[in-house]
Every structure is written in C-alpha cells, then in structure tokens.
Amino acid sequence: MMVPQTSKDWKEVANGFKDRWQMINCGGCIDGKHIRICQPARSGALYYNYKKFYSVVLMAIVNHNYELIYVDVGKQGRMSDGGVIQATTFYRRLQNQTLNLPKPMDCDENLNFIFIGDEGFGLEENILRPFPQKSLNYERRIYNYRLSRARNVVENAFGLIANRFRILLTSINVNPNDTNFIVLAICTLHNFLIKHSSSYVKPTSENSETQELEEIDVNRQFFPLQNCNNARNSSDAAKRNREKYLEYFNGIGKVAWQDDMIRKGKS
C-alpha cells in the first residue's frame, strides 16, 4: 500500500473513478473506522471512544477498485475524530502540498483534484463532503448522490474486510502494537485478494447504476468516525470548490440515471 507518488500516478487513479463511477478528478475515497480492542493494561481512558468501547482507528484511502492505497492504523480511540486524519502523514502532505497532485489546469473542467469523505471529515479545497441533510435542495441532493455513489468503494472495502477476516468482529486481545500489525496484514491480504481472487468481489457492471456492487452494511461490523461539525469554518475557497462540483454534476457532468435515483430517495 503506497500513496501514488507522481501526478501521473494520481491521474491513473482518477481515470479509474471516472470510467467506473463517473467521478472526475478523484484520488480516492477516505474513511475511518474504530477497531474494537480489549483495554490495554495501564492505559486508562486513552483508547475509550465516543461509542463507549476501547478501540484503535483504521484510516484508509480506497481507489475505484476497492484497493487500499493508503492506510494509517493505531490512533487511540479517544482521539477526536476530526483530529485522526489531521494526525496522519497523508493529511500533513496534503496541507504542505507535497502529494504531487495534478494542478487544476491538468484536471477535468479545470476543477481541483479531490478526495471524497463523509460527514466525519471537514470540507477543504481538496476534500469534498456531502451537504447536511437539513439544507438540501434538488441540486444538492444530486451532488450528495454522486458523492455517495463513488464513496461506496470505501464502505464496501471495509465490508469485504470485515466479512472475510472475522477477528475484526471481536475485541482483539493483544497489545496495541500487535493489533496494528494484525490490521496492516489484513489490509495487505485484502489488496492481494482484490487482484488475485475472482470470488472475493462478485462481478459487477461498471456503468449501470442498478447493477453496481450491492452496498454492505459495514456499520454492523465497524463503528464510523463521529461526524465533523466544522463545515461553517471551512474556507471560502473550499466552499467555492464544492459549488463548482455541484454545478458540474447538475450540468455537463450529469449522468442519465441520477434523476431516477433522486426520485427513489437516494441522496
């Protein structure tokens, strides 16, 4: 598992999202889950999370093909969920502009190169998150649906991992360092199975909304990060970037079935 190193590598990831999920300029979908552990000796409440159990956090970025291209595991469950990503090397490199992301002039529609997160992440110039449910109009529902369609790759990656590696459904009873190695090994095996096992992910159509991989209810296996409520503190540039993607999804980037999906309640 390695973050793409060059602008060309990032473009290859983005081309996969565009071809398979009709999402442009996307370097991956971000998510984090709490991995349940037994309380480590003499740790106090250090690993005690908002769901009232002990955990370490698995943070991952997933490409269009359910592969984990970046993993960070081991942050204590007590850490504020907004702070988990901020403590990763990925986020520091994103802020320092050392990820070698494609420039807007090299991206489709001259938009920012982006990563997709859910409500657990803040809105930033290179991170898109959904609009809150209480502020939705039709155009924002389209935007949320298009993000959700692409973001299913990370939810389903976690679901595949939990369904295959059943140790993750228990409270892991080893010291935290060994837990981290176990989780990293599982992530590596997941990527191996994605590439080499035809039965690990059932065949799907890459273009039809109705035939894509059925969403796995991953929250029955893992608990998600707590929602991040700092959208009001997002920069004006981040908000403008989200508006540009909203305009794209409702304009020249529209897909044929999105209106039907909104009528069916997906947003």
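Modeller: A residue counts as buried when its relative accessible area is under 20%. The model discussed here is predicted.

Biologist: How many residues does the chain have, and what share of them counts as buried?

Modeller: The chain has 267 residues, and 51% of them count as buried. It holds 7 helices and 6 strands, in the order α-β-β-β-α-α-β-β-α-α-β-α-α along the sequence.

Biologist: What makes H4 a mostly covered helix?

Modeller: Of the 27 residues in H4, 20 are buried.

Biologist: How do you know that the span of H4 agrees with its number of residues?

Modeller: Helix H4 covers residues 138-164, and at 1.5 Å a residue its 27 residues should span 39 Å. The C-alpha atoms at its ends are 38 Å apart, so the two values agree.

Biologist: Where does H4 bend, and by how much?

Modeller: The bend is at Ala-150 and comes to about 35 degrees.

Biologist: What makes Asn-137 a cap of H4?

Modeller: A side-chain oxygen of Asn-137 lies 3.3 Å from the backbone nitrogen of Glu-139, at the N-terminal end of H4. The cut-off for a polar contact is 3.5 Å, so the pair at 3.3 Å falls within it.

Biologist: Why are H4 and H6 called roughly perpendicular?

Modeller: The axes of H4 and H6, the helix of residues 236-250, cross at roughly 90 degrees and come within 9 Å. Angles of 65 to 115 degrees count as roughly perpendicular, and H4 and H6 are therefore described that way.

Biologist: Which residues meet where H4 and H6 pack?

Modeller: From H4 they include Glu-139, Arg-140 and Tyr-143, and from H6 they include Arg-242, Tyr-245 and Phe-249.

Biologist: What is the angle between H4 and H5, and how far apart are their axes?

Modeller: H4 and H5 pack at about 105 degrees, with axes 10 Å apart. That angle makes H4 roughly perpendicular to H5. Ala-157, Leu-160, Ile-161 and Arg-164 in H4 meet Ile-186, His-190, Leu-193 and Ile-194 in H5.

Biologist: Why does His-190 count as buried?

Modeller: His-190 lies in H5, residues 176-196. Its relative accessibility is 0%, and the limit for buried is under 20%, so His-190 counts as buried.

Biologist: Which residues is His-190 in contact with, leaving aside neighbours within four places in sequence?

Modeller: Among them are Ala-157, Leu-160 and Ile-161, which belong to H4. Tyr-66, Glu-67, Leu-68, Phe-165 and Tyr-200 are also in contact with His-190.

Terms used: Residues are numbered from 1 along each chain as its sequence is written. This is a predicted model: local features need pLDDT of at least 70, side-chain atom pairs count only at pLDDT 80 or more; totals for chains, interfaces and linings use all residues. Side-chain values use heavy atoms; hydrogens and water are left out. Helices (H or I, at least four residues) and strands (E, at least two) are DSSP runs, numbered from the N terminus. The expected span of a helix is 1.5 Å times one less than its number of residues. The bend at a residue is the angle between axes fitted to the seven residues ending there and the seven starting there. Buried means under 20% relative accessible area, exposed over 50%, partly exposed in between (1.4 Å probe, protein chains only). A polar contact is a pair of N or O atoms within 3.5 Å; within protein, one must be able to donate a hydrogen and the other to accept it, and residues adjacent in sequence count only if both atoms are side-chain atoms. Contact means heavy atoms within 4.5 Å. Axes are lines fitted to C-alpha atoms, for helices over the stretch in contact, and angles run from 0 to 180 degrees between N-to-C directions. Angles under 35 degrees count as roughly parallel, over 145 as roughly antiparallel, 65 to 115 as roughly perpendicular and the rest as oblique.
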